[in-house]
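I set down what I looked up, entry by entry.

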Amino acid sequence: MNHESLAALWTAVANHLWQSTLFAGLAALLALALRKNYARVRYQLWLAASLKFLIPFSLLIRLGGHLATPYRSAEAQPVFYIVIQKVSQPFTQSPSLEQWLAASLLPLLPGILALLWLCGFVTVIALTWLRWRRVTATMRAAQPMSDGREVGVLRNLERSAGLRKPIAFCMSASSLEPGIFGIIRPVLLWPKTISQHLQDAHLEAILAHEVWHVRRRDNLAAAAHMVVEALFWFHPLVWWLGARLIEERERACDEEVLRLGNPPQIYAESILKTCEFCMGSPLPCVSGVTGADLKQRIVRIMTPDSAMKLTLARKLILGAMAIGALAGPILVGLVKAPLVNAQTPQANAGPKPAAVGTSQEPAHWLAPQNQVYHVGGDVSAPKLIFAPDPEYTEKARQAKYQGVCVVALIVDEEGNPQRVQIMRHLGMGLDKKAVEAVRQYRFKPAMLRGKPVPVQVNIEVNFRIY
């Protein structure tokens with residue numbers, strides 16, 4: 001991948017980041033408005049904000065473009081783009097420091113950013129892998145159990161929660177807290193030392209909490225957010241979203257445990273006993289019972305239930321917003337698709353360039369024409385980032401000859417000039433000097449749907465003595 005492709009990639013990433021940040025901000029406002037409702041509603045909002053980082057709106061727009069029925073307009077006119085570059089500095093002067101920095105350092109910036117992102121990505125993956133090894137080592141040393149006091153209570157709770165498949169139960173000699181391990185085939189890892197400190201009511205409350213983690217598929221959601229954290233580790237918002245997800249999932253499970261009739265005091269005691277004799281889970285995707293802010297959880301558990309169900313109006317509003325978030329970008333793609341399809345054939349046809357200040361002249365030097373685009377529609381304009389001044393011929397200097405020379409060229413996918421030709425002659429040897437200078441120009445290439453493409457441009461070189 002060349003530097004310009006990296007630059008285009010970072011531009012797309014920047015657009016995706018601000019869109020996802022805005023989406024998360026809207027989710028935060030909705031969560032604030034729904035703070036008196038059940039925690040599972042806010043959890044779903046935070047989860048949607050997290051998953052938005054994995055689904056760029058540009059993909060939905062492109063999906064809408066594919067769903068649209070394309071048509072071609074015979075009346076679509078080719079779009080011409082003319083680059084005007086006036087040279088009015090003394091021609092004995094070397095390129096300025098700003099131009100040199102732009103040509104030397106700016107092209108390297110996307111590569112530097114990509115390297116920094118890769119270092120952070122590898123670091124996050126390595127830390128996650130080390131924590132995962134710790135959990136898997138505990139799982140390998142655990143002993144599967146098919147009967148016993150804990151297993152009997154677990155089977156009763158599974159039937160109450162409507163689980164079709166039983167949860168595997170493993171007894172562990174470690175001090176790791178009770179937690180659900182795995183996504184497809186969940187396993188309940190239970191520390192052996194804690195059972196002797198729990199009464200039957202405490203045991204039932206803790207197991208009910210874990211059963212609801214399985215019922216809600218919390219491990220799957222946590223694993224998805226871990227992917228978001230690895231890809232967007234540099235964005236503080238994703239880590240803040242992770243904390244909100246853990247907080248609301250634990251509160252949602254607490255609400256379900258209390259709804260089943262477990263006394264709040266007994267449930268709070270069971271959580272405190274777990275914290276006393278066990279250590280917390282090292283990974284968010286291993287759902288335990290001690291997550292989130294312990295003090296706030298105990299206060300909420302001991303407070304009389306005040307959470308409200310969503311009213312019909314709020315359900316309709318949330319449903320409409322969810323549909324709009326998905327259907328909106330697709331509709332944009334449906335609307336834009338006919339325009340793009342109408343212009344693309346004209347761009348691929350390679351229309352002839354027009355010289356600046358003169359009548360249109362034939363330009364048969366473009367070959368092959370079907371690979372050259374013109375700016376317009378989805379084709380963005382190339383940007384000039386380095387333009388050395390042309391040399392002034394001695395003959396023209398002595399004659400104090402001045403004028404404008406128009407040069408036509410193709411800016412290729414890497415931002416380099418190709419097929420440089422004179423469109424308006426100036427004479428006195430200045431045409432050759434203009435061509436030599438333009439061949440050293442460097443551009444940020446034109447883009448079509450996030451990919452660099454070659455485009456045809458004209459450059460006006462103004463020779464002036466002062």
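I began with a cluster: ring pairs join Phe 53, Phe 232, Trp 233 and Phe 234. I took rings of Phe, Tyr and Trp (its six-membered ring) as a pair if their centres lie within 6.5 Å; planes under 30 degrees apart are stacked, over 60 edge-to-face, and the rest tilted.

I noted that the model is predicted, that local features need pLDDT of at least 70 and side-chain atom pairs pLDDT 80 or more, while totals for chains, interfaces and linings use all residues. Residues are numbered from 1 along each chain as its sequence is written, and side-chain values use heavy atoms, without hydrogens and water.

I counted 9 aromatic pairs by this rule. Trp 117 and Phe 121 are stacked, because their ring centres are 5.1 Å apart and their planes are at 15 degrees. Both belong to helix H5 (residues 109-141), 4 residues apart, or about one helical turn. Helices (H or I, at least four residues) and strands (E, at least two) are DSSP runs, numbered from the N terminus.

I then looked up accessibility: Trp 117 is partly exposed at 25%, and Phe 121 is partly exposed at 23%. Buried means under 20% relative accessible area, exposed over 50%, and partly exposed in between (1.4 Å probe, protein chains only).

Next, I found Trp 132 and Phe 181 stacked, with centres 5.2 Å apart and planes at 25 degrees. This pair links distant parts of the chain, 49 residues apart: Trp 132 is in helix H5 and Phe 181 in strand E4 (residues 179-181). Trp 132 is partly exposed at 35%, whereas Phe 181 is buried at 14%.
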